[in-house]
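Here is a brief report for a first look at this structure. Keep the view open while reading.

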Amino acid sequence: MSNHFTYDYIIAGSGCAGLSLAVQLKQSGISFHKVLIIDQDIKNKNDRTWCFWTNQPINWFDEIVYKRWDKFKFKSNHIDMELHLKPYHYLLVKGLDFYTYCLNELQDDTRFEFVTDEISQIYTHGNLGIVKTKSATFQAPYVFNSALRVHDIKKNHINYVQHFKGFVIETEKDCFDADCPTFMDFSVEQYNDCRFVYVIPYSKTKALIEYTGFSRAVLSDEEYD
């Protein structure tokens, strides 16, 4: 039996980009017969938190927005400002809420097929995109890739990585302004890099505290902590 399978579209990666594309494809009215969504992981964990901007009054994901803010704080050693965002809003969506919503949208549509496997290669052959895994080869006229990253490091260019680590912490007493995130706090020690901290409040006693850095290399777990 052949281990080659053909689809109209292949979505490589079922994270935010891949599942957003799949839901939008379903809702678009575009005619298609079969879409493959392939990822090495089953999306059943709250492994991400997405915060982002929008000025749209209605969005397809509105029912899973966990928090919404109209202002934030910006801090450094010399500045402590509260900024209003109108006409924009700053939104938070929890990873598991997003996965669950998208998978529920797609599960009863027989045009979408899910495969859990590790992708080893994505390339073009003739007019087809080819996706290879450990156990099979898949092809389609269109392949959308958010699973494999190719870093094009240019010689003599300054290359920095952006990296994160966050904790959700809960306090016994009120410690956070639930109506106003600290979007960037540059008052932390910079160590000759560019470093800042987010404070994303879930409530007065619970918040996501996240380090963000831009540097030539990622840090050790001890240094993040």
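## Helix H1

The expected span of a helix is 1.5 Å times one less than its number of residues. This model is predicted, and its helix H1 covers residues 16-28. H1 has 13 residues. From its first C-alpha to its last it reaches 18 Å, close to the 18 Å expected. Just after H1 comes Gly29, with a positive phi of about 85°.

Which residues of H1 are buried? They are Gly18, Leu19, Ser20, Ala22, Val23 and Leu25. The cover over these buried residues includes strand S2 (9-12) and strand S3 (35-39). Helix H2 (95-106) and strand S9 (112-116) also belong to that cover.

## Tyr7

Tyr7 sits in the loop between strand S1 (4-6) and S2. Buried means under 20% relative accessible area. Tyr7 has 7%, so it counts as buried.

Tyr198 is 191 residues from Tyr7 along the chain, and their C-alpha atoms are separated by 42 Å.

## A nonpolar surface patch

Ile79, Met81 and Leu83 make a nonpolar surface patch of about 220 Å². Where does Ile79 lie? Ile79 is in the loop between strand S6 (71-75) and strand S7 (80-84). Its relative accessibility is 34%, so Ile79 counts as partly exposed.

Note on methods
Residues numbered from 1 in each chain as written. Predicted model: local features only at pLDDT ≥ 70, side-chain atom pairs only at ≥ 80, totals over all residues. Heavy atoms only, no water. Patch = residues over 30% accessible without salt bridge, like charges linked within 9 Å, V, L, I, M, F, W, Y side chains within 5 Å. Areas by Shrake-Rupley, 256 points an atom, 1.4 Å probe, with all protein chains shown as cover. Salt bridge = Lys/Arg side-chain N within 4 Å of Asp/Glu carboxyl O. Helix = DSSP H or I, 4+ residues; strand = E, 2+ residues; numbered from the N terminus. Buried < 20%, exposed > 50% of the residue type's maximum accessible area, 1.4 Å probe, protein only. Contact = heavy atoms within 4.5 Å.
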